[in-house]
Amino acid sequence: MVSLTRRTALRAGVGLGVAATTAGIAAVRTLSWQPPDLWQPSPPVRAAAPELRRLLVIEMAGGSDGLSMAVPYADSRYRDLRPATAIRADAVHAIDNSIGLHPELPKLAAGGVSVIPGVGVAQPDLSHFEMLYRWQTGDPAGSTRPATGFLGRLCDHLGDPSVPAVGVSLGVGATQALACEHVTTLSVDAGNDGLFPVFEDENLRSAWLAAQRAMSHPDRADTPLLATARAGTASALRFSDVAATLSPAAAGYPDTDLGIQLRLAARLLADDQHGLRIVHVPVGADFDTHTSHPARYALLMRDLDAALAALRTDLAARGIADRVLIAAYSEFGRRVPDNGSDGLDHGAAGTALLLGPTNTGVFGALPSLRTLDPDDNLRATVHMTEYYATLAESWFGIPASDVLPGFPRPIPGVIAA
């Protein structure tokens, strides 16, 4: 158990809301400077057959600033609104004539990425808790309050109830994102490689595991609460046995929390024997940059760049780069204008990423910097459900309406089929 800190509480995700989308207006360019050389990505890896596909979801809780991750460098309005936090046009890794990646994302730029700016809802809330709830449940309206999560519903469609786990979250405590009805999903400690606690004394470890297995055995006299606890322990033990058989970890990952999480994620995703399809990675870093945004965000992007580069190298070496789609999002972006403290306050629409067997570039309409909402936030140009529909339908072949409200359409052309 851990103490409940603000960062831990953000993972709980509770709230309500309403959603829609608005028409986007492309960023207006200025010719007062010479644009940088455009990035030339490698040809995309083509996606494997649907039954072989896996999904890795990176949740950047705290409100990652989409305008710093994918910079609208060609729009003079961006620099007008952000005199203290804007990134220089000549420092970005330009993807096209409008958008460039943060200077600390050179490996991501070199490896290729699909950038989806303006992802969100039309009536956002500025609360981390509420917006995380909407993202984790896949319920942009916040009115149905489903008991399951979006990833959990995918697991129910994809998985076999008999396998140890169809979905795994590499974080502390359960996540609403993987709540499901028919299969098993788990949260495990990436720092312990998914294993139960390790003892230096092997005899002590054996005795402890034997006690846990005895306590997890079903008992007809149990109350429902105890039966649930026993079943949870049994599932964790069963998954720990699977984790002990995984292929060795690869070298090259940064010695950071995210590096440790992604190193284990690669080993799980490479396993063909036990039915795992989805890995969820809640990033523990603090994206809530109300102060000192430029310096803090540069460190965040440097960590993300190094960890993703190591992961992509690892997946390629294991021969599964065509099987794994990597999706990264935050519950919202940051407010467009500076806040006067070299920082950025809670915003609305953000920027999401897709990596792997995708066609690289920018997808969807750019949100306008000239028609902000009454709180000086970006208006969404891509439904959160459209982004999720791309994961469900374009990647896994699951009709989006089976796992999401309404009939959202996937973002066209992203998956390299």
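Colleague: How many helices and how many strands does the chain have?

Modeller: The chain has 12 helices and 12 strands, where helices (H or I, at least four residues) and strands (E, at least two) are DSSP runs numbered from the N terminus. This is a predicted model, in which local features need pLDDT of at least 70 and side-chain atom pairs count only at pLDDT 80 or more, while totals for chains, interfaces and linings use all residues. Residues are numbered from 1 along each chain as its sequence is written, and side-chain values use heavy atoms, with hydrogens and water left out.

Colleague: What percentage of the 417 residues in the chain is buried?

Modeller: A residue is called buried under 20% relative accessible area, exposed over 50%, and partly exposed in between, with a 1.4 Å probe and protein chains only. Buried residues make up 53% of the 417 residues here. The chain exposes about 17,300 Å², of which carbon and sulfur atoms supply 55%; accessible areas come from the Shrake-Rupley method with a 1.4 Å probe, and for residues only the protein chains shown count as cover. As to contacts (heavy atoms within 4.5 Å), residues 24 or more positions apart account for 75% of those in the chain with a separation of 6 or more.

Colleague: How should I read a helix, and what span should the 12 residues of helix α11 have?

Modeller: An α-helix has 3.6 residues a turn, so residues three or four places apart point the same way. The expected span of a helix is 1.5 Å times one less than its number of residues. For α11, residues 384–395, that gives 16 Å, and its end C-alpha atoms are 16 Å apart, which agrees. The helix α10 has 25 residues and reaches 36 Å from its first C-alpha to its last, close to the 36 Å expected.

Colleague: How many residues of α11 are buried?

Modeller: In α11, 9 of the 12 residues are buried, so this helix is largely enclosed by the rest of the structure. The buried residues are Met384, Thr385, Tyr387, Tyr388, Ala389, Thr390, Leu391, Ala392 and Trp395.

Colleague: Which residue just after α11 takes a positive phi?

Modeller: Just after α11, Gly397 takes a positive phi of about 75°, and α10 is followed by Gly319, whose phi is also positive, near 75°. Positive values occur in residues other than glycine as well: phi of Ser292 is near 50°, and phi of Asp342 is near 55°. Ser292 is found in the loop between β8 (278–282) and α10 and counts as partly exposed at 38% relative accessibility, whereas Asp342 lies in the loop between β9 and β10 (350–355) and is partly exposed with a relative accessible area of 43%.

Colleague: Which classes do the residues lining the second largest pocket divide into?

Modeller: That lining has 12 nonpolar, 7 polar and 3 charged residues, where Ala, Val, Leu, Ile, Met, Phe, Trp, Tyr, Cys and Pro count as nonpolar, Asp, Glu, Lys and Arg as charged, and the others, Gly among them, as polar.

Colleague: Which residues lie nearest the centre of the largest cavity?

Modeller: The count comes to 5 cavities of 30 Å³ or more, and about 120 Å³ of space lies in the largest cavity. The largest cavity is lined by 18 residues, of which Leu67, Pro72, Pro117, Pro367 and Leu378 lie nearest its centre. The elements that give two or more residues to this lining are α2 (66–69), β5 (114–120) and β10. By class, the lining of the largest cavity has 11 nonpolar, 5 polar and 2 charged residues.

Note on methods. 1 Å grid on protein atoms, 1.4 Å probe; cavity = no way out; pocket = protein on both sides within 12 Å on 5 of 7 lines; lining within 4 Å. Points joined across faces, edges and corners; volume = space filled by probe spheres on them.
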